[in-house]
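Student: Please give me a close look at one part of this model, and then show how the other parts sit against each other. Keep the cut-offs with the terms.

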Amino acid sequence: MKIKKVLNRTVLYFLVLVIIVVTLAPYLWLVISSFSTKIELMSRQIFLIPHTITFANYKDLMSRDFIPAAMNSIIVTSSVVVISVIIGVLAAYAFSRFRFRGKNPLLNLSLFTQMIPPIALIIPMYIIFKRLDLINQRITLIMIYLSLVLPYLIWIMKSYIDVTPKTLEEAAMIDGCSRLKSFFFVVLPMISTGLAATVIFSFIITWNEFFYAFSLTKTLDAKTLPVLIYDFNSKFGANYVMSATAGVLASLPPVLIALLFQKYIITGLAAGAVKE
Amino acid sequence: MKKKLSLVLSLVLALSVVLMGAGCGKSNNTPATSSDNSLKGQKITVILPQNEADTVGFRKAKTAQFEKETGIKVELIEKSWEGVSDDVTGDLASGGGTYDVIEFDNSWIGKFIKNQWVAPLDDYMTADMKSGMVPGLLDLFSSGGKHYGIVWNNDTRFYMYNSKMLSDAGLSAPPKTWDEVAALAKKTGKTAYMDTYKQEQMGTNELMFVVYSFGGNFVDDQGNPIVSTDPGVKAAYTWLAQAYKDGVFGKSTLTMDYEEVAQSFDNGDFPLMLQAWPGVYADSNDNTKSKIVGNVNVADYSVSKTGNEQVVLTLPEAMAITSTSKHKEAAWKYIEYMSSKSMDKERSEAIGSLPIWSDLYNDSDLLQKYPYWKQFGEQAQNSKGYPKIVWVDNFSDIVAKQSQKILTGSVSVDQGLQQMQKLMEDAKKASDQQ
Amino acid sequence: MKEKQAKKREKEPFFERHLGPILITPSTLVIFGILFIPIFYALYMSLNRISFRGADTIYKFAGIKNFVNLFTIDPWFKSSFVTTILFVVLTVATEIVIGVAASLVLNKKFHGRGFVRGLMILPWAMPTVVNAVMWKWIFNAEYGAANGLLMKLGIIKTGIAWLGTPKMAFLCVFLANVWKETPYVILLAIAALSTIPGDLYEAASIDGAGGWKAFWRITLPMIKPVLLILLITKTIWAFQTFDLVAIMTSGGPQNATNLLSYYIHFVAFKQTDFGSAAAMSYVLSMICFALSFVYIKLFMNNDDGAEKKTKKAQRRKLATAHED
């Protein structure tokens with residue numbers, strides 16, 4: 001029995017180790033690449049640790065439009081997150097607690113829109129935004145990303161609100177709170193875990209979006225980080241070192257935020273899904 | 001609520017109808033006004049790909065200088081080549097009007113002129129330009145007797161080699177024929193060359209070179225596909241398929257892009273760079289990037305079937321003015337400024353680009369800095385690029401895809417070329433109908 | 001009671017009375033305002049042959065000809081279609097199987113569990129563009145880490161051109177996608193597992209059902225709702241895969257990784273055949289709809305269905321109550 005237990009533990013730790021290595025190794029290679037010189041990367045000599053660690057790539061990157069693109073990413077992402085939470089949670093509340101005509105079709109339809117691939121919409125969108133003189137503007141990206149994020153956000157938040165007991169709210173309303181007030185002070189605190197999870201979810205979707213940004217931005221007035229990374233491709237090929245360096249930096253915010261709030265993600269995001 | 005919803009819906013619907021109506025056929029006539037003083041304060045938008053050789057920011061600096069001298073404001077948009085390609089095409093196809101000066105790739109000529117997306121430049125060009133610029137470059141961007149583009153990147157290729165690796169292999173001069181290339185690989189037991197035969201336009205470029213150098217052609221003068229009947233095409237693909245099997249070129253050639261090929265050459269992995277572009281020479285002699293400094297040479301011929309007929313690739317990129325531009329005069333001013341003879345020379349000195357003015361190939365300052373231009377001149381006698389066909393994107397796509405099948409032996413040479421012929425005929429038919 | 005409520009409602013101010021619709025208006029406007037016109041515009045385009053003359057875009061009505069052509073004339077559509085279906089089915093299935101398996105491992109108690117779970121977030125949170133660049137670099141035929149590792153271990157002597165042959169390239173793209181997308185399955189599955197009460201397993205073990213049996217009888221049914229959601233969202237996302245092939249393979253070699261969304265992009269922006277591109281996009285969307293529908297049907301077993309029916313009946317009751 002004891003042997004079996006030890007064996008079980010060994011197998012378990014071995015499996016965990018496999019999971020860790022598989023998850024970490026590719027990313028580590030990216031990080032190592034970003035600290036290596038081009039000539040060393042191409043020499044096939046090294047494999048794990050570069051002989052000389054250089055920050056030249058990062059320095060070089062800073063002179064290559066990284067900062068303005070990062071600013072665009074930050075502005076677009078934070079706007080989307082803030083706006084989507086405000087209007088999305090209110091909508092989720094309405095969808096959960098109110099009865100009005102067209103409610104369910106509307107909810108389903110909004111989810112249906114997500115099944116249409118962006119490639120199907122990009123040409124009409126380009127034509128329309130061009131006529132409205134909205135090409136190459138951050139506001140355009142913000143609006144599009146809102147339309148991507150909101151259906152999911154409403155869906156998940158609604159399922160959260162669905163399972164919060166109505167009695168507390170009603171009690172608050174009897175005490176003289178208005179409907180909205182009781183929502184803010186009673187319901188909202190109860191769903192904060194789910195809210196945190198969806199905020200991170202929205203953040204990651206927005207920060208990482210490439211296709212619309214690639215098609216609808218032109219200059220550093222609006223260009224976001226994924227597009228900048230793609231632009232390290234020239235007619236002659238990809239600049240791996242620069243892509244790797246920018247890639248490491250671009251992946252830091254979502255990864256760090258996700259790691260910081262991992263508790264919320266694991267309990268929150270999924271719980272929403274479970275409840276649905 | 002119902003009322004409200006229907007109100008919203010009808011509003012959106014109305015908006016969509018307006019926009020759609022506007023979408024189909026609103027013409028945009030802008031007669032060119034020709035008064036120089038009015039140009040001041042105008043704003044033009046220029047979109048060009050990043051120039052990988054331009055590490056010193058030459059274009060940006062000169063554009064700023066242009067703004068200062070003329071008072072014309074320039075918004076310069078630089079993206080990856082793919083990005084520019086999608087952007088320009090997408091914008092022009094949705095009515096244009098965003099750009100005044102655009103990137104005009106040599107492969108786009110047929111399509112852009114058919115769609116009337118670019119304006120002829122003949123009225124603007126001076127006699128000096130018409131007689132002084134490299135004739136091949138002018139011809140390439142002409143159609144129906146009219147000029148449409150002024151080259152900014154003279155991307156003409158030439159044959160480079162690693163002299164040390166060759167002498168180690170016992171060769172005093174680089175191979176002149178394809179058979180000699182194969183013999184070199186056999187002798188050393190290593191790959192003789194690397195290139196890109198990737199499923200992308202760059203792969204098609206290089207495959208075109210092989211076919212051209214075997215005396216072959218994909219299409220005839222009328223633009224009809226002839227791959228299944230042309231003996232040169234068959235010879236080229238027969239050689240390529242065998243070479244793939246024998247390891248004359250590395251298998252990674254099917255996945256590499258230009259940047260990687262150059263990197264590998266600088267790394268000393270293989271001796272022959274069959275079609276090097278202008279930027280390679282400087283990089284291979286740069287200590288921080290290359291391990292073969294001092295060993296790079298330029299041949300005064302290029303590889304071909306028998307050693308007599310020679311061909312090099314030319315894939316220049318030009319600047320053109322969109323037909324929808326509202327500031328054609330100012331746009332021309334910019335092109336003229338950026339491609340004047342003195343600017344051309346300055347650019348060559350700064351970033352090692354090949355000149356677009358014939359004279360400059362004999363310019364003593366430049367020759368001193370780039371002595372290999374002499375050999376290059378010999379090679380460039382006969383340069384060839386993309387066929388001027390409207391279905392060029394299909395052409396390029398078909399060549400890349402089918403060639404990979406033939407090379408790897410997925411299909412036999414004959415079979416593969418038959419399929420290629422059929423695909424090209426269909427593509428041509430479809431584009432004729434459009 | 002009902003009358004009272006109705007009266008009370010009328011007394012409420014407009015804002016309170018219409019609070020529901022008012023609250024959803026901004027979101028609804030954004031979602032549909034952005035997407036409504038493009039969706040119908042694209043439909044209109046798919047029914048036309050579109051050509052260009054200078055600033056003019058010429059629409060020539062073509063009925064369903066664009067759709068028919070996809071299956072008759074277009075030389076690449078069918079193979080792209082098959083590749084896409086294959087890619088979606090394989091990636092989604094693999095991600096869910098591996099994901100659930102890994103979540104079972106990570107659900108056990110061991111030292112550093114929090115850390116390892118947190119680690120799962122890394123691939124999921126990484127931008128897709130970075131993921132694509134990273135794997136292209138790893139599978140680089142000359143300098144990639146994949147070759148470097150295998151050569152160091154003595155498994156291969158010369159480098160492999162990973163992205164050079166059709167099957168291998170497809171496998172590489174598949175791996176890159178699985179690496180990035182599986183952790184999301186793991187995260188959701190872990191959370192779902194944590195909601196299963198432990199006494200269920202205890203009861204099962206008393207009945208003599210341990211290990212596999214317990215997994216099939218208890219674990220799987222309990223996490224099924226989550227799996228359904230994962231299936232649908234993963235499928236939709238897999239169909240939209242664009243950056244990965246655009247960066248890693250450009251659809252090659254020999255067209256082996258030319259996923260539909262990438263091919264549509266080629267037809268739209270290279271061939272400038274907007275009509276066909278729009279038609280293809282509609283076909284792609286339809287497959288997404290159809291598959292999601294099938295999943296829902298398959299996964300809603302009898303009791304779920306029954307539950308839904310009663311819910312529906314309840315709703316109908318409420319609705320009628322509201323009417324009077």
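Tutor: In chain B, the C-alpha centres of domain 1 and domain 2 lie 28 Å apart. The model is predicted, so local features need pLDDT of at least 70 and side-chain atom pairs count only at pLDDT 80 or more, while totals for chains, interfaces and linings use all residues. Residues are numbered from 1 along each chain as its sequence is written, chains are lettered from A and ligands numbered from 1 in the order in which they are written, and side-chain values use heavy atoms, with hydrogens and water left out.

The bounds of the two parts of chain B, which come from an automatic or database domain assignment, are 34-155 + 316-384 for domain 1 and 159-313 + 389-433 for domain 2. Across the boundary, 19 residues of domain 1 of chain B are in contact with 22 residues of domain 2 of chain B; contact means heavy atoms within 4.5 Å. The two domains of chain B bury about 1,900 Å² between them, with 55% of it on carbon and sulfur atoms. Buried area here is the accessible area (1.4 Å probe) that two parts lose on being put together, summed over both. On the side of domain 1 of chain B, Y372(B), Q379(B) and K384(B) supply 40% of the area buried against domain 2, more than any other three residues. One salt bridge is counted between the two domains of chain B, a salt bridge being a side-chain nitrogen of Lys or Arg within 4 Å of a carboxyl oxygen of Asp or Glu. D393(B) and K111(B) also meet through their side chains in a salt bridge, 2.5 Å from N to O.

Next come some strands of chain B. Helices (H or I, at least four residues) and strands (E, at least two) are DSSP runs, numbered from the N terminus. Strand 1 of chain B covers residues 43-49, and six of its seven residues are buried, so this strand is largely enclosed by the rest of the structure. Buried means under 20% relative accessible area, exposed over 50%, and partly exposed in between (1.4 Å probe, protein chains only). Strand 1 of chain B runs parallel to strand 2 (residues 73-79) of chain B, and seven bridges join them; two strands pair if DSSP finds at least two bridges between them. Along this pairing, T45(B) has E75(B) as its bridge partner in strand 2, and V46(B) has L76(B). Strand 2 of chain B has five of its seven residues buried, so it too is largely enclosed by the rest of the structure.

In strand 3, I102(B) is the bridge partner of I47(B).

Chain B also meets chain A. There, 26 residues of chain A are in contact with 43 residues of chain B, and about 3,000 Å² is buried between the two chains, 53% of it from carbon and sulfur atoms. The salt-bridge count between chain A and chain B is two. D87(B) and K218(A) form a salt bridge through their side chains, 2.4 Å from N to O.

Chain A has another interface, with chain C. In that contact, 90 residues come from chain C and 92 residues from chain A. The area buried between chain C and chain A is about 8,300 Å², with carbon and sulfur atoms giving 81%. Within chain C, L23(C), I34(C) and W137(C) lose the most area to chain A, yet together give 8% of what that side buries. Zero salt bridges are counted between chain C and chain A.

Chain C itself has 16 helices and two strands, and 56% of its 324 residues count as buried. Chain C is divided into domain 1 (2-46) and domain 2 (77-313), whose C-alpha centres lie 35 Å apart. Their contact takes six residues from domain 1 of chain C and five residues from domain 2 of chain C. About 410 Å² is buried between these domains of chain C, 73% of it from carbon and sulfur atoms. On the domain 1 side, L43(C), M45(C) and S46(C) lose the most area to domain 2 of chain C, together 78% of what that side buries. Between the two domains of chain C the salt-bridge count is zero.
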